[in-house]
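The stops below can be selected one after another.

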Amino acid sequence: MTTLQTRRSFIKSAAALSLFSIVPRHVLGKGFLAPSDQLTKGIIGLGGMGRGHIPYAGTRVVALCDVDETHLKQGLELAGGAGIKTFKDYRELIQLPEVDIVHIATPPHWHGLMAIDAARAGKDIWCEKPMTRTIGEGKRVKEAVEQYGRMFRLNTWFRFESTFYGMKTTVRPIKKLVESGLLGWPLKVTVSKHTGFDWKFYWVGKTNLEKQPVPSELDYNAWLGPAPYKPYNAHRVHGTFRGYWDYDGGGLGDMGQHYLDPIQYFLGKDNESPISVEIDAPQQHPEAVGTWRRIEYTYADGCKIILDGEGKDEGIPYIEGPNGKLYPEFKSDIPDLKKKLDAFPDPSPQVTDFLESVRERKPFALNEQNGYRSCTLINMGIVALRLGRSLKFDPDRQEFIDDEAANRLIDQPMRAPWVMGS
């Protein structure tokens, strides 16, 4: 059903609106207010993250979806139960006219399909990180959100709020420092345990999984969805799925967008991608995610982002430029840095309230455009790790240079009957 058909059918049923306590804003359009001041939300995926967002201020949950009956029951209980619709198939949830926002809290191998389908159904989208599991899926999500005029939020918030790990400050003063030019240019950023960032190498897969019986409460075929069929083992699903390439990318997939999106922001790279990715890592298993020692991204202007997995070098700066260095806790070798920064303008304001974004139709601070670019950083690294070699990348064409095997991992086949629409 197209968005237009959905709206027409809803308008024809206007006489029945009194049956609803909330009218979705995507039906009424900009400038109209629903009877309630709350936006309506449907959540897909009710593991820990999905359940944690049930009480989000300013929204009301009207629908829940999960392929695990236990998770679905837990979510329904947390949401209050009465009047909330439940589904196993997300495609039913996204067609509900009473849903404003679809919150996607599934494993990443589902993010692309669900986001595109939600956009096509006329829903605004709140998606967990990483945005998508492949570069190609991210590109298609970006295009679909633009095509259908939806608002999109990627759920990592460090570019605009919260203390940024070991820096002991928000990203805002870091952005101001970079824009001031006091550090010089180009810059090198090192993401390491010594600069306050943990790569969570406990997210590794097992290579000797035995087939186990599928729990009665789980529709395992639906959980796999577009991913290749593999015999069920409890370590593949729920809390430990990040250790398998079919579904995610280990600690890099889990934390990469939290760590790298703010770097992309303060370096001013929201519309760029690196020209190369170099790796130092053991050969990865074809199915199970392993660890790595170093991943290095280089931009055309010479800026670098170093992901240090070993953390051998203590006392290294977080940001290093030709004119100065910035260390954890916002310490620097530039004398009177904070006083000098007072003379420079603050960074441009951003829309940091997704409910405002939805109501006013203003792009959110971390949206489908810049979110796609920071997710591409993650997926470039994953491709290099899986192939076991460093790669050159064309930032305009968004493809690897002279490497057919790498480009095959940009758009990976999906298990029938699932296909990536637009």
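This is a predicted model: local features need pLDDT of at least 70, side-chain atom pairs count only at pLDDT 80 or more; totals for chains, interfaces and linings use all residues.

Residues are numbered from 1 along each chain as its sequence is written, and side-chain values use heavy atoms, with hydrogens and water left out.

**Stop 1: helix α6**

Select residues 111–120, which form helix α6. Helices (H or I, at least four residues) and strands (E, at least two) are DSSP runs, numbered from the N terminus. Of the 10 residues in α6, 9 are buried, where buried means under 20% relative accessible area with a 1.4 Å probe, protein chains only. Among them are His111, Met114 and Asp117. Just after the helix, pick Gly122, which takes a positive phi of about 85 degrees.

**Stop 2: the nonpolar cores**

A nonpolar core is a set of buried Ala, Val, Leu, Ile, Met, Phe, Trp, Tyr and Cys residues joined through side-chain atoms within 4.5 Å. Which residues have the most contacts inside the largest core? Select Phe266, Ile305, Leu307 and Ile319; the core they belong to has 96 residues. Helix α13 (residues 368–387) gives the most to this core, with 9 residues.

Now centre on Phe266. Leaving aside neighbours within four places in sequence, Phe266 is in contact (heavy atoms within 4.5 Å) with residues including Val171, Lys175 and Tyr318. A second, separate core has 12 residues, including Leu218 and Tyr244.

**Stop 3**

Select 276–280 and 391–394, strands β8 and β14, which pair in the antiparallel sense over 2 bridges. Two strands pair if DSSP finds at least two bridges between them. Here Val277 stands opposite Leu391 in β14. The hairpin of β14 and β15 has 4 residues between the strands, and Gln398 takes a positive phi near 55 degrees.

**Stop 4: Ala405**

Finish at Ala405, in helix α14 (residues 404–408). Not counting residues up to four places away in sequence, Ala405 touches Leu387 and Arg389. Draw a distance between the C-alpha atoms of Ala405 and Val383: these residues are 22 apart along the chain, and the atoms are separated by 9.3 Å.

Definitions and conventions. Buried means under 20% relative accessible area, exposed over 50%, partly exposed in between (1.4 Å probe, protein chains only).
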